[in-house]
Amino acid sequence: MDLNADLGEGFGIWRLGDDEALLGLVTSANVACGFHGGDPSTMRRVCEGAARRGVAVGAQVGYRDLAGFGRRHIDYEFGVLRDEVTYQLGALEAFCRLFGTRVRYLKPHGALYHAASTDESQAAAVVAAVAGYDPELPILCLPGSTLAQLAVGAGLSVVAEAFADRAYLPNGALVPRGTPGAVITDPEQVARRAGRMATERSVVAVDGTVIPCSVDSICLHGDTPSAVSAAELVRATLIDADIPLAPFA
């Protein structure tokens with residue numbers, strides 16, 4: 001099983017999350033590329049730390065929306081979104097090369113992640129960017145989403161992920177942020193959910209429905225205050241269950 005986290009989301013004098021601690025716990029790092037979060041120095045620092053620890057680097061691409069942390073929907077034209085995703089891929093790749101590594105996958109962030117799960121135009125723009133940049137690059141996304149379907153149709157690799165620290169609706173979608181209980185902050189509860197995802201291949205929705213959850217990567221959000229404690233418990237839970245931890249890419 002792969003354990004991924006969103007990292008490098010601070011910028012300027014603003015630091016968000018403990019990137020260094022999480023790099024010692026996860027196997028893949030979704031690194032912000034400067035649009036929803038991150039800046040050149042932050043990208044350099046996280047890429048260096050990931051390369052030093054053998055953590056796979058993925059481009060976490062988002063809307064051009066630092067003020068809204070990429071969590072506000074933007075109605076992009078296809079070509080503009082395709083090019084902005086490509087731009088972010090190239091920016092992160094430059095810092096990876098400095099430390100002998102490379103971008104190994106792409107994952108949309110925030111509002112783009114959710115839009116590409118259902119919006120065919122935005123999903124197609126992400127797919128076009130990856131296909132044009134490097135068709136061998138996997139896309140990390142929700143299983144069964146529009147993005148996953150279009151990516152497979154374009155001959156790209158798709159890696160399914162689940163969120164141990166987010167609540168699910170009965171249809172398999174995430175409970176929208178801002179809804180009470182949408183983000184799960186108790187590290188022990190997060191670890192129990194991750195263990196179930198990895199061993200039983202299922203997750204319990206907010207109404208008690210058991211949803212199939214066959215995934216190859218489990219995500220934790222680095223901006224959650226309890227992220228490090230949760231990652232420690234999740235890692236220990238998976239190891240105790242004899243589930244090897246390794247990057248999918």
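This briefing covers the core, the cavity, selected contacts and backbone features of one structure.

The model is predicted: local features need pLDDT of at least 70, side-chain atom pairs count only at pLDDT 80 or more, and totals for chains, interfaces and linings use all residues. Residues are numbered from 1 along each chain as its sequence is written, and side-chain values use heavy atoms, leaving out hydrogens and water. The largest nonpolar core has 74 residues. The structure holds 1 cavity of 30 Å³ or more.

**Nonpolar core**

- A nonpolar core is a set of buried Ala, Val, Leu, Ile, Met, Phe, Trp, Tyr and Cys residues joined through side-chain atoms within 4.5 Å.
- Buried means under 20% relative accessible area, exposed means over 50%, and partly exposed lies in between (1.4 Å probe, protein chains only).
- Leu92, Leu106 and Ile139 have the most contacts inside the largest core.
- Leucine 92 is in contact (heavy atoms within 4.5 Å) with Val31, Cys33, Met43, Cys47, Val57, Gly58, Ala59 and Val103, leaving aside neighbours within four places in sequence.
- In soluble globular proteins, nonpolar side chains tend to be buried together.

**Cavity**

- A cavity is a set of points, on a 1 Å grid over the protein atoms alone, where a 1.4 Å probe fits but cannot get out; lining residues have an atom within 4 Å of a point.
- Grid points are joined across faces, edges and corners, and the volume is the space filled by probe spheres set on the points.
- The largest cavity holds about 40 Å³ of space.
- Its lining consists of Asp165, Ile184, Thr185, Val190, Leu220, His221, Thr224, Ser226, Ala227 and Ala230.
- By class, the lining has 5 nonpolar, 4 polar and 1 charged residues.
- For these classes, Ala, Val, Leu, Ile, Met, Phe, Trp, Tyr, Cys and Pro count as nonpolar, Asp, Glu, Lys and Arg as charged, and the others, Gly among them, as polar.

**Buried polar and charged residues**

- Helices (H or I, at least four residues) and strands (E, at least two) are DSSP runs, numbered from the N terminus.
- A polar contact is a pair of N or O atoms within 3.5 Å; within protein, one must be able to donate a hydrogen and the other to accept it, and residues adjacent in sequence count only if both atoms are side-chain atoms.
- The side chain of aspartate 6 makes a polar contact of 2.8 Å with that of asparagine 30.
- A polar contact of 3.2 Å links the side chains of lysine 107 and glutamate 161.
- Among the other residues that lysine 107 touches are Asn4, Asn30, Tyr113 and Phe163.
- Threonine 27 occupies the loop between α1 and β2 (28-32) and is buried at 7%.
- Its side chain forms a polar contact of 2.6 Å with that of aspartate 2.
- The contacts of threonine 27 also include Val55, Leu245 and Pro247.

**Helix α6**

- In α6 (residues 146-153), Thr146, Leu147, Ala148 and Ala151 are buried.
- These buried residues pack against β4 (103-108), α4 (110-118), α5 (120-133), β5 (139-141) and β6 (158-163).

- Most residues other than glycine have a negative phi.
- Phenylalanine 69 has a phi near 55°. It lies in the loop between β3 (56-61) and α3 (78-98) and is buried at 11% relative accessibility.
- Aspartate 242 has a phi near 60°. It falls in the segment after α8 (227-240) and is exposed at 69%.

**Loop positions**

- Glycine 12 lies between β1 and α1 (19-23) and is exposed at 54%.
- Proline 135 lies in the loop between α5 and β5 and is partly exposed at 44%.
- Proline 135 is in contact with Val130 and Leu156, leaving aside neighbours within four places in sequence.
- The C-alpha atoms of proline 135 and alanine 154 are 9.0 Å apart, across 19 residues of sequence.

Notes
On a 1 Å grid over the protein atoms alone, a cavity is a set of points where a 1.4 Å probe fits but cannot get out, and a pocket is an open set with protein on both sides within 12 Å along at least five of seven lines; lining residues have an atom within 4 Å of a point.
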